Structure formats: structure tokens, C-alpha cells
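Please study the sequence and the model before reading each solution.

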Amino acid sequence: MPWLRMLVASTAAMVLAGPSAVATAAAPDKDGLRTSVHTPGRVKDAGDVLQYSWPGVYFEGRFRGTGVGVVLDDPAADYDVQIDGTTVATLVTPGRTTHWVDGLRDGVHTVRLVKRNDTPWSTSSFGGFVAAPGGAVLSRPAARSRQIEFVGDSLTAGYGNLSTSRDCTGEQVARTTNADVSYGALTARRLRADYQVNAYSGLGMVRNYNGGTPEANYRTFYDRALLNVPGDVWQNPGTWRPQLVVVHLGTNDFSTPVNPGEPWTDESLAAAYRSAYSGFLQKLRARYGAGTTVVAVGAGPFAGHVEQVVRERTAAGDRRVRYWRLDDTGLDFLGCHWHYSARDNRLLADRLTTFITDLPIRW
């Protein structure tokens with residue numbers, strides 16, 4: 001695996017603060033938004049809109065009629081709009097708008113809106129679905145009984161996975177990143193599960209790509225709903241109780257050599273990584289309980305460290321943490337900057353689904 005060439009994070013991917021979208025798009029009715037939309041994502045209820053930052057956040061609804069409007073306020077992210085399971089529009093940094101899908105067969109339809117890329121410097125706002133004249137928004141679809149949380153970096157976010165070249169500008173990265181076809185989203189759909197993709201490009205467990213932004217790391221942001229709001233904490237409405245959490249963090253910690261001036265040696269970095277990783281697994285265990293299975297992913301130069309952490313936790317009595325060695329055989333890394341391509345994500349989803357299927361998960 002070309003570890004030293006991977007993850008040349010774009011400037012945008014590494015920005016930890018910056019201009020934010022203001023939540024001003026309005027749904028027709030506050031209570032209607034809550035009752036007509038299903039989302040398992042980390043969203044903040046701001047009254048007439050839902051706010052969010054993580055990639056892959058999706059909203060599902062049902063309506064009767066010949067058309068539906070999607071109310072958004074987002075100058076930074078891209079979206080796919082899907083009707084009855086088919087993508088009918090891709091919205092590129094839509095701003096404040098109601099995007100309409102018209103000309104449908106008169107009847108009952110499903111609508112799904114999904115945030116494609118990671119824009120951690122901005123806050124996105126969704127104001128709900130509205131029906132075309134003569135139609136009606138219906139009660140929200142039922143939540144799925146299975147829930148999976150994916151924790152990771154750009155590889156989990158789907159960074160540049162639709163690119164046809166490894167060489168990408170920041171603009172190309174943004175347009176070709178699609179968390180909805182990442183290995184996590186694909187795995188969840190194959191298992192008929194709701195999911196979160198809590199991934200942040202460029203960040204590691206203790207050290208970020210090439211030693212950047214040393215005052216923060218992935219753990220700084222994990223608890224947040226709004227990534228660009230310091231101190232923000234996502235308020236779980238009580239409906240997010242994943243039976244499975246998949247953690248894929250470590251590439252940014254180890255894919256580049258330690259630079260002069262960084263407070264690490266190779267040995268101290270490895271030790272700090274293992275300690276933080278163990279603490280993060282304990283945080284997940286405390287948050288979700290003894291019944292949740294945690295899959296710790298090992299790959300490349302950090303695989304042995306992850307395996308050691310899992311071995312130690314298992315020996316200490318945690319029987320629901322498992323190690324998965326990511327098999328990169330046959331991957332082409334043709335996404336932007338040597339990331340997983342769309343084909344790679346499908347292959348990894350195949351392999352991860354097979355691994356999960358054999359686990360004694362309490363679905």
C-alpha cells in the first residue's frame with residue numbers, strides 16, 4: 001500500500017474553523033419537520049431547521065403527489081436527491097433554496113436527501129420536504145431496527161472516491177467525494193441498517209496528516225454535532241443505539257514521517273496512539289453499553305497497534321471488541337490522492353459485510 005503517497009489532504013479538508021452557513025431556510029411547520037423526516041444522523045434541532053456537519057447525513061421522507069421540494073441552506077456541501085431509490089439530482093453547494101422535483105407519477109413516493117461530502121468548517125441546514133400543489137407530505141418512514149456507526153477519516157468519508165484521477169484540486173476533491181457510496185454506507189445498506197458516517201478528513205487518533213494542527217485530533221470533534229462550533233455536544237435523542245461501531249482511525253497518525261519539531265518519536269507516537277485508542281474504545285463502551293459490538297480496523301503501519309489494543313481489551317474482559325485486518329488485496333487506490341476508488345469501496349464493503357455477518361451481533 002502506498003502509505004507515504006496517500007492522504008495528501010486538501011487545504012479544505014484540514015480546515016478546523018471558518019465561515020459557517022446560517023440556518024435560515026424554513027420548513028412550512030416545525031412539528032411537521034419532526035414527524036415527516038427520518039434521520040439517524042447527528043443533527044441539532046434548531047426549531048424550524050435541522051443543523052448538521054458530518055458527511056453522509058441523510059433524511060428520508062414520504063409524500064403523495066407529482067412533486068416534492070427540498071428545503072436547504074448550505075453554501076458548502078453537495079447533495080444527492082433520490083426519489084423511489086433513484087438519484088434524480090445532484091445539488092452542488094445549493095445555498096438557500098427549495099429544490100423541486102416535478103413531473104412524477106401521481107401517487108405515493110419516497111424521497112431521500114444525502115450530504116455527499118465532508119465540510120467541517122460549515123454548518124448545514126435542512127428545512128424539510130414540501131409537497132407540490134395538490135399533494136401532501138406523509139408521516140416519516142419507519143426507522144430500521146439495525147444501526148451501525150462508522151468512525152474514521154477521509155478513507156471512511158469517501159474522499160475523492162468518484163474521481164477518475166489521483167491528481168485532484170481541492171475543487172475536484174469536493175465534487176468527487178460521495179459518502180453515500182463509501183464502504184460504510186454500502187455495508188450498512190447491504191445489512192439493511194441505518195448508519196452514521198462520523199468521519200473527518202485529515203485527522204488521526206493523536207496525530208493528524210503530516211503533523212498538521214497539533215492542538216486537535218479526531219477525538220476533539222467526536223462528540224459534536226456541529227463541527228465548527230467549539231464545545232458543541234450532540235444530544236442523542238435516545239433513538240441512536242448502534243449494535244455495531246466500526247472504527248477505522250490511524251492512517252493519518254502513521255502515513256507520514258514525524259517532522260522535526262513535532263513532539264513525537266516513533267516509539268512515543270505508537271505508545272500514545274495505543275493509549276488513546278484504548279481510551280476511545282472505553283468511551284464507546286461506556287456510551288453504548290456492553291451489548292454493542294465494536295470492530296477495530298487495522299491496516300498498513302498501524303495494524304499491529306490496533307491488534308494489540310484489541311488483544312488487551314479482550315484479556316481485560318471486553319468480549320465484544322473485535323479486530324478486523326483490512327485486506328487491501330486488489331484495491332487500485334484510484335481515488336483522489338491515492339484514496340479508495342468507488343470500486344475499492346465496493347470491494348471493502350463486500351469484505352466487511354462478510355466479516356460482520358459472522359459476528360454474534362445482537363441485532
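**Exercise 1.** Determine how much area domain 1 and domain 2 bury between them, and which residues of domain 1 lose the most.

*Solution.* Domain 1 and domain 2 bury about 2,400 Å² between them, 47% of it on carbon and sulfur atoms. Buried area is the accessible area (1.4 Å probe) that two parts lose on being put together, summed over both. On the side of domain 1, the residues that lose the most area to domain 2 are R42, W54 and R116, which together make up 35% of what that side buries.

The model is predicted: local features need pLDDT of at least 70 and side-chain atom pairs count only at pLDDT 80 or more, while totals for chains, interfaces and linings use all residues. Residues are numbered from 1 along each chain as its sequence is written, and side-chain values use heavy atoms, with hydrogens and water left out.

**Exercise 2.** State the bounds of the two domains and count the residues in contact.

*Solution.* First, the domain assignment, which is automatic or from a database, gives domain 1 as 30–138 and domain 2 as 147–358. Next, the centres of the two domains, taken over C-alpha atoms, are 27 Å apart. Finally, 29 residues of domain 1 are in contact (heavy atoms within 4.5 Å) with 32 residues of domain 2.

**Exercise 3.** Find how many salt bridges cross the interface of domain 1 and domain 2, and examine the pair E149 and R42.

*Solution.* A salt bridge requires a side-chain nitrogen of Lys or Arg within 4 Å of a carboxyl oxygen of Asp or Glu. Across the interface, this rule finds three. In the salt bridge of E149 with R42, the closest N and O atoms are 3.7 Å apart. By the same rule, the count comes to 18 salt bridges. E149 lies in strand β11 (residues 146–152) and R42 in the loop between α2 (30–36) and β1, so this pair ties together parts that are 107 residues apart in sequence. Helices (H or I, at least four residues) and strands (E, at least two) are DSSP runs, numbered from the N terminus.

**Exercise 4.** Give the strand order of the open sheet of five strands and identify its edge strands.

*Solution.* The order is β1-β2-β9-β4-β7, with antiparallel pairing; two strands pair if DSSP finds at least two bridges between them. The edge strands, each pairing on one side only, are β1 (44–45) and β7 (95–101). Two bridges join β1 to β2, and K44 stands opposite Q51 in β2.
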